Structures are given as structure tokens and as C-alpha cells.
Amino acid sequence: KYLEASGRFAVDVATAPPKGAPKADVEKFNPDLTKYAAVVSNYNGERWNKEFEAAFVKFVEGGGGLVVVHAADNSFPDWPEYNAMIGVGGWGGRNEKSGPYVRYRDGKVVTDDAPGRGGSHGKKHEFAVQTIDPKHPITEGLPAK
């Protein structure tokens with residue numbers, strides 16, 4: 001809705017089978033990514049079928065865009081190519097063996113390899129969102145804080 005309302009994007013929606021879907025439904029899910037410049041994903045369901053996974057990897061390796069929204073960083077903790085695409089993963093059984101925790105502290109990116117489980121929401125609270133690189137194309141034009 002928001003992407004189309006901007007007038008800058010044409011959008012198609014492909015809804016993958018949810019967690020617990022029959023294997024036959026998962027096997028049928030295979031959108032043709034060659035028609036698109038980017039995929040916006042908020043998916044956190046069943047692992048995709050091998051054919052679609054291969055097409056997805058080929059799409060991204062070939063320059064296709066990937067925007068991971070909210071729960072999509074929790075998907076597929078045991079799929080190395082996906083985890084490389086998203087850069088950093090959230091939950092889904094991840095721990096220190098899945099890669100370091102990455103934080104921004106005192107003006108620096110800090111990695112932490114300490115043992116522990118992956119992320120969680122914790123208690124809800126207000127927090128400031130700070131733009132670290134105001135010249136990056138993704139953050140250009142955003143307020144400093």
C-alpha cells in the first residue's frame with residue numbers, strides 16, 4: 001500500500017505458506033523472481049522448497065534487491081546463503097555460533113561473541129533511533145535522531 005502510494009513502485013504480492021502448512025503447499029510456492037527488481041520480505045514461516053531457494057539465491061546474486069522487514073530476519077537460521085543476504089539474524093534458534101552480536105556503542109560498531117541465545121524483544125520501552133551515516137543512500141534525508 002505505502003510503496004504503491006508513493007507512485008514510485010509497482011507491487012505484486014506473493015504469500016508463502018504459513019508455519020505448519022502442508023508440505024504440498026510449500027512445494028508449490030515458486031514465484032517467478034525474474035520479473036522483479038526487488039523482494040520485500042516479512043516472511044517467517046516454513047522453509048521454502050529447494051527450487052525456490054535456489055532461484056532466490058540466484059536472484060540476489062544477480063543483483064536483485066532484498067528488503068528484510070521485521071520478522072524476516074528470524075527466518076531460516078540453518079540456511080547459510082539467506083543469513084549472508086540479511087547480514088544479521090534475529091531469533092529462530094540462533095546463538096553465538098550463528099555469528100556475533102552486533103551493537104553500536106559510544107560511536108563504534110562493537111561485536112560480541114559471548115555465549116547466549118539470539119535476540120528477543122525484551123520489555124517495550126521508548127528509545128531513540130539514531131542515524132549513523134547520514135550520507136548513505138538508505139539514510140539520506142533522515143533526521144539525526
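**Close-up 1. Lys23 and Glu27 are joined by a salt bridge, with N and O 3.7 Å apart.** The model shown is predicted. Both residues belong to helix H2 (residues 23-28), where a spacing of four residues separates Lys23 and Glu27 by about one helical turn. Lys23 is exposed at 64% relative accessibility, whereas Glu27 is partly exposed at 44%.

**Close-up 2. Arg47 and Asp78 form a salt bridge whose closest N and O atoms lie 3.2 Å apart.** This pair links distant parts of the chain, 31 residues apart: Arg47 sits in the loop between E1 and H3, and Asp78 in the loop between E2 and H4. The relative accessibility of Arg47 is 26%, which makes this residue partly exposed; Asp78 is exposed, at 56%.

**Close-up 3. Within helix H3, Glu53 and Lys50 are three residues apart, about one helical turn.** Their salt bridge has its closest N and O atoms 3.8 Å apart. Glu53 is buried, with 5% relative accessibility, while Lys50 is exposed, with 61%.

**Close-up 4. The structure contains 13 aromatic pairs.** In one of them, the ring centres of Trp48 and Trp79 are 6.0 Å apart and the planes stand at 80°, so the arrangement is edge-to-face. Trp48 is buried at 8% relative accessible area, and Trp79 is buried at 3%.

**Close-up 5. The rings of Phe52 and Phe56 form a tilted pair, with centres 6.0 Å apart and planes at 50°.** Phe52 and Phe56 are four residues apart in helix H3, and both are buried. One aromatic cluster includes Phe52, Phe56, Trp48 and Trp79.

How values were computed: Residues are numbered from 1 along each chain as its sequence is written. This is a predicted model: local features need pLDDT of at least 70, side-chain atom pairs count only at pLDDT 80 or more; totals for chains, interfaces and linings use all residues. Side-chain values use heavy atoms; hydrogens and water are left out. Rings of Phe, Tyr and Trp (its six-membered ring) pair if their centres lie within 6.5 Å; planes under 30 degrees apart count as stacked, over 60 as edge-to-face and the rest as tilted. Buried means under 20% relative accessible area, exposed over 50%, partly exposed in between (1.4 Å probe, protein chains only). Helices (H or I, at least four residues) and strands (E, at least two) are DSSP runs, numbered from the N terminus. A salt bridge is a side-chain nitrogen of Lys or Arg within 4 Å of a carboxyl oxygen of Asp or Glu.
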